[in-house]
Amino acid sequence: MSETQLTGILPVLAAPFDNEGNVDYGDLESLIDFQLQAGAQGITLFGFATEFYKLSEAEKARMLKVSVSRAQGKVPVIASVTEQCTDLAVWKAREMEKYGADGLMVLPPFLVPAGREGFIQHVLAVAEAVHIPVMVQYSPVETGVAIEAKFLAEMMAADENLKYLKVECKPPTPMISALLKVRKSPFETLVGYAGLQMIDALERGAVGVMPGSSLTDIYCRIYQLYQEGDLETAIQLHNRLIPLLNYIFQSIEMIIKWEKV
């Protein structure tokens, strides 16, 4: 897929497991079908909502291949690189590109926080290793590394593959405004955290939202209304989601359980 654009609603897929704890690839295909029918502009694998920490390397490889095959080029498939060692992250990024990923999302080291310089060097090593768009997942709570907007903007300008920055600080929207004010290259921002602040994020210039995969039809409807200029109705529909999102956002496992109900 040339000139891949990562915009709109890009759900992070849940990993469907069978009763023995193995990935159910038939259910994965059904989940992808739902995303396409609901109007998703892309699908994402191996985020926290995919429970990447519970998947073997063989399962990740097969999930990516199945997803690329099922998507049939209709929407981009984004694969998250979560390896904690830079050498392994580079190897994984190249493997994911080989298996057909249209874009990568990089979650910098978090088990042993690398600090600002380590964060940046890790990201740049991955970006330099591939030829597809790279999104940086900026999650200071999860990674233990908080970086000022100006340094993130400098990092994004250091490699032409760095096209997107997913902002997941709390709250994300002031950082989105700060990033777009100081950016030195034409990167775009997206927001995660179940789209809890999606309206404000879009108003500040974000181009996409990366929620879970169970309510894609609703997120797509909100995004469509926003794009059509019906801000009032988009806000009303989003407001109906907020109590649920606040409730399930108490822990990652609670979110995952809801996604699979």
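The following legends describe close-up views of a predicted model. Local features require pLDDT of at least 70 and side-chain atom pairs pLDDT 80 or more, while totals for chains, interfaces and linings use all residues. Residues are numbered from 1 along each chain as its sequence is written, and side-chain values use heavy atoms, with hydrogens and water left out.

View A. P16 lies in the loop between β1 (8-9) and α1 (25-38); helices (H or I, at least four residues) and strands (E, at least two) are DSSP runs, numbered from the N terminus. P16 counts as buried because its relative accessibility is 14%; buried means under 20% relative accessible area, exposed over 50%, and partly exposed in between (1.4 Å probe, protein chains only). Beyond its neighbours within four places in sequence, P16 is in contact (heavy atoms within 4.5 Å) with residues including D27 and L28.

**View B. The salt bridge of E29 and R70.** The closest N and O atoms of E29 and R70 are 3.7 Å apart; a salt bridge is a side-chain nitrogen of Lys or Arg within 4 Å of a carboxyl oxygen of Asp or Glu. This pair links distant parts of the chain, with E29 in helix α1 and R70 in helix α2 (residues 57-71), 41 residues apart. E29 is partly exposed at 27% relative accessibility, and R70 is partly exposed at 32%.

**View C. Salt bridges of K54.** K54 forms a salt bridge with E51 (2.6 Å, N to O) and another with E253 (3.2 Å, N to O). E253 lies in helix α11 (residues 252-259), 199 residues from K54. E51 is buried at 3% relative accessibility, whereas K54 is partly exposed at 38%.
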